[in-house]
Amino acid sequence: MKGEPDFLQNLRDEMGGGRQWLDRVVVMLYAVLAGLAVVLFTLLAEGAFALYSGLRSGWWWAPLVWTPALTALVVWAVRRWAPGAAGSGVPQVLTALDPATPLRERSRFVSLRLSVVKVLAVSGGVLAGLSIGRQGPSVQVAAGVMLHARRWLSPNSGITHRELLVAGGAAGIAAAFNTPLGGIVFAIEELSRRLQDRNSGLMLAAIVIAGLVAVSAFGNLSYFGRVRAEALSWSLFLPGALVAVGCGLLGGLMSRLMLASFIGLPDRFCAYRRKRPVTFAAICGFAVAVIAVISDGTAVGGGHEHTKVMLEQVGTQGASHQPLVFTGLKFVASWLSSWAGVPGGLFGPSLSIGAGVGADVAWLLDSPHGAALIALGMCGFLAAVTQTPITAMIIVMEMTDGHSMVLSLMACALLASLISRMISRPLYSTMSQLMMRSMRDGAAAPPPPGEGSAPGR
């Protein structure tokens, strides 16, 4: 039939293009480098938190001095030398992806230099004992590495800056969570609705390779361990619905607070922050330190340690989780850490807060489905904050053994995201729009406080 593909001719075209294959090798090598960058980032952040934990366990009062001092130092250094490294990283990548952003301006938001600074600054915030994550920043880190590949590609490669940014950002998620499928879905749902057919396979391969690098380094385990849910029944319906509603309300509130902190309201606190940002950061750091002392360190950091403990102790006597207390303290600590202006992400803290919501509902209703409710809470809160329900569902699904919870996770993510949309505008895209407006106006973008300048997709 006329118009059918000519297999032999297509094969000759593919095998005969030496430069084309060289360009593909370059992209694959940079995908490996992006995965390695996230692996090194993970090791550095975990080492930093281990040092902080040792300091806190040795002297309970040490965070009251250490945290505000180091928080102020990180904010001062970032503002002075690399303002583009502030925030979570996802809004910066979205801004660089926007067709309205001139090529010459993209280095303000994503570059190899900013990737290096981002790793150091986020690790500094973790060392300070703030409630921040590294997954959102990993998006900007990996995107900066992948974008650097463009200088080695031929002009006729057909691989654009946009495709490299999408692949790099998604590779960051894939490597940070050890969830390659989650990275691919994140690329489709948040970073880009469209990839060129010609290069979509190559970009997906780059995402998978970066994820495999992390799997090779840490094993096929997720950041939060594996959630093993027991056989489910209709008795999960009511507590599951409460978890979804609670996560939707709290996640929408968190997103709204993040945006308010990022934009800056006409109140005395935001006015003081604009006037004395370093001093304000120290005050926020001191408040987080007080929370660390009250919670014995469980409400600071990325939160995955406490979440793992909750999963291990679910249904046992003497569980260390403090119902309602941990969730509230973690929520406040994450918001203050973002508002301080230290680079950091919201993905990790969101999963931890959501796990707390699930554990709280299980405790209130004396439900036998503790592990399942914790998984639903992680999915629901992440979906509510980021308003990307499919990505949240896939990430948590890849951390869950078996497929018995797929429909439950999907329903929870959709309901929580729907409720959040009634409370707040989308967090990352709104921050990106504000950055674009600031760039067009020729003004410096406001220093983002956490996951985009607020806490951290």
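**A tour from residue D296**

Begin by selecting D296, which is exposed, with a relative accessible area of 55%. The model is a predicted one, with a mean pLDDT of 84 for the protein chain and 85% of its residues at 70 or more.

Colouring by accessibility will set the two partners apart: R56 is buried because its relative accessible area, 18%, is under 20%, while D296 is exposed because its 55% is over 50%.

**The other pair**

The structure holds 2 salt bridges. R108 counts as partly exposed, at 36% relative accessibility.

**Helices α3 and α12**

Next, display α12 together with helix α3 (residues 62-81). The two pack with their axes 7 Å apart and at an angle of about 145°, and their crossing is right-handed. On α3, select P63, L64, T67, P68, T71, A72, V75, W76 and R79. On α12, the partners in the contact are P277, V278, A281, A282, G285, F286, A289, V290 and V293. Colouring these residues by type gives 14 nonpolar, 3 polar and 1 charged.

**Helices α16 and α18**

Move on to helix α16 (residues 370-386) and helix α18 (residues 406-423), whose axes come within 8 Å and cross at roughly 35°. Here too the crossing is right-handed. The α16 side of the contact is formed by A375, L376, C379, G380, A383 and A384. From α18, select S408, L409, C412, A413, A416, S417 and S420. What is the make-up of this contact in nonpolar, polar and charged residues? The contact of α16 with α18 has 9 nonpolar residues, 4 polar and no charged.

**Last stop: residues 443-457**

Finally, colour by pLDDT and select residues 443-457, over which the value stays under 50. The model has 89 contacts beyond four places in sequence for this stretch. Where pLDDT is low, the predicted coordinates should not be read in detail.

Note on methods. Residues numbered from 1 in each chain as written. Predicted model: local features only at pLDDT ≥ 70, side-chain atom pairs only at ≥ 80, totals over all residues. Heavy atoms only, no water. pLDDT = per-residue confidence, 0-100. Contact = heavy atoms within 4.5 Å. Axes fitted to C-alpha atoms, helices over the stretch in contact; angles between N-to-C directions. Helix = DSSP H or I, 4+ residues; strand = E, 2+ residues; numbered from the N terminus. Left-handed = near helix turned anticlockwise from the far one by under 90°. Nonpolar A, V, L, I, M, F, W, Y, C, P; charged D, E, K, R; others polar. Salt bridge = Lys/Arg side-chain N within 4 Å of Asp/Glu carboxyl O. Buried < 20%, exposed > 50% of the residue type's maximum accessible area, 1.4 Å probe, protein only.
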